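Subject: Structure handover

Hello,

Here is the structure for you to look over. My notes come after it.

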Amino acid sequence: EEEFKWLLQEEVHAVLRQLQDILKEASHRFALPTSGSGGAVKQENFVLSTSGTDQVKGVMTLQGDALCQADVNLKMPRNNQLLHFAFREDKQWKLQQIQDARNHVNQAIYLLMNRDVNYQFKTGLEVLKLMDAVMLQLSRARNRLTTPATLTLPEIASSGLTKMFTPVLPPDILVNFYINLNKLCLTVYQLHVLQPSITKNFKPAGGSVLHNPGAMFEFGSQRYEVSHVHKVECVVPWLNDALVFFTVSLQLCQQLKDKISVFSSYWNYRPY
């Protein structure tokens, strides 16, 4: 009983402080202020490419949760024509996954700090509920980075992203940016128009993170088929850091839950 009291009064608070420190580090990774710039978020340049092909190359500038510049070169397979398009100067693209992940981390920090400094936990159940709430936010933060949104091709075609570029994207090109784990990814879809005579086998594709050649869709009054897919990516080191912090924090939460559960069952404590 004395050990259990010590656990509630001392060890729980030590773990909560440790979790706060780790998650504050994670939160700092999502917004990277430069020294002496009044809190402005640092711009980072990334070169997107893939081994074995030079069909698509891109240079992206990431500023926190926003792509503020994008410069893409695309070599068309049909005629080796080189297309170049970049973000308009007045445009930037919010990466909702990063924004959401950061919000979940900050919510977890709020849950950990939302009590008086002298607060004492009375029951094991109280700690278990707190850990469950924190773990839920951390799992959601991690899932936003590890699970990109599934989009249909018409959703990609009607996305505001298509209107970001100068020169304007040709109608037979679609692009999509997303985060996958610790990587910033760009997918370029090349399309061809399906003639009315061959649309009897038309089957529109559903939602997917990455559509394959042969996927069909209807947009406006036209039916299209994906002819080529190019995916380029690069590692964003601070996203990797954040994912490690999430994993360590979730393990700490689970270890504390396990200790509480062992004491509760061993002494027949009913944590209510």
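Predicted model: local features only at pLDDT ≥ 70, side-chain atom pairs only at ≥ 80, totals over all residues.

**Helix packing**

Two packed helices are described by the angle between their axes and the distance between the axes.

Start with α1 and α3. Helix α1 covers residues 2-30 and helix α3 covers residues 124-146. Their axes are 12 Å apart, at an angle of about 15°. Angles under 35 degrees count as roughly parallel, so α1 and α3 are roughly parallel to each other. The crossing of α1 past α3 is left-handed. On the α1 side, the contact is made by F4, L8, V12, L16, L19, L23 and F30. On the α3 side, the partners are G124, V127, L130, M131, L138 and L145. By type, the residues of this contact are 12 nonpolar, one polar and no charged.

Now α1 and α2. Helix α2 spans residues 96-113. Its axis and that of α1 come within 9 Å, crossing at roughly 155°. Angles over 145 degrees count as roughly antiparallel, so α1 and α2 are roughly antiparallel to each other. This crossing is left-handed. From α1, the contact takes in L16, L19, Q20, L23, K24, A26, S27 and F30. From α2, it takes in I98, A101, R102, V105, N106, A108, I109, L112 and M113.

F30 takes part in the contact of α1 with α3. F30 also takes part in the contact of α1 with α2.

**Nonpolar cores**

Which residues have the most contacts inside the largest nonpolar core? They are F30, F177, L186 and F246, in a core of 67 residues. Helix α5 (residues 237-266) gives the most to this core, with 12 residues. Another core lies apart from it and has 10 residues, among them A157, Y189, F217 and V226.

L186 deserves a look in the viewer. Neighbours within four places in sequence aside, L186 is in contact with L48, V56, M60, V72, V175, N176, F177, H230, K231 and V232.

**Buried residues to check**

R102 sits in helix α2. Is R102 buried or exposed? Its relative accessible area is 19%. Buried means under 20%, so R102 is buried. Beyond four places in sequence, R102 is in contact with F30, A31 and D65.

G124 belongs to helix α3. At a relative accessible area of 2%, G124 is buried. G124 and E3 are 121 residues apart in sequence. Their C-alpha atoms are 13 Å apart in space.

G58 is in strand β2, residues 53-63. G58 counts as buried, at 2% relative accessibility. Leaving aside neighbours within four places in sequence, G58 is in contact with F46, V47, L48, D71 and V72.

P148 is in the loop between α3 and α4 (153-158). P148 also counts as buried, at 9% relative accessibility. Sequence neighbours within four places aside, P148 is in contact with Q97, Y178, I179, N180 and V209. P148 and Q97 are 51 residues apart along the chain, and their C-alpha atoms are separated by 7.7 Å.

**Backbone geometry**

Most residues other than glycine have a negative phi, and most peptide bonds are trans. Two places here read otherwise.

Where is the cis peptide bond? It runs from T166 to P167, with omega near -10°. P167 lies in the loop between β6 (165-166) and β7 (173-180).

The other place is L181. Its phi is near 60°, a positive value in a residue other than glycine. L181 lies in the loop between β7 and β8 (183-193). Its relative accessible area is 42%, so L181 is partly exposed.

Best regards

Terms used. Residues numbered from 1 in each chain as written. Heavy atoms only, no water. Axes fitted to C-alpha atoms, helices over the stretch in contact; angles between N-to-C directions. Helix = DSSP H or I, 4+ residues; strand = E, 2+ residues; numbered from the N terminus. Parallel < 35°, antiparallel > 145°, perpendicular 65-115°, else oblique. Left-handed = near helix turned anticlockwise from the far one by under 90°. Contact = heavy atoms within 4.5 Å. Nonpolar A, V, L, I, M, F, W, Y, C, P; charged D, E, K, R; others polar. Core = buried A, V, L, I, M, F, W, Y, C linked by side-chain atoms within 4.5 Å. Buried < 20%, exposed > 50% of the residue type's maximum accessible area, 1.4 Å probe, protein only.
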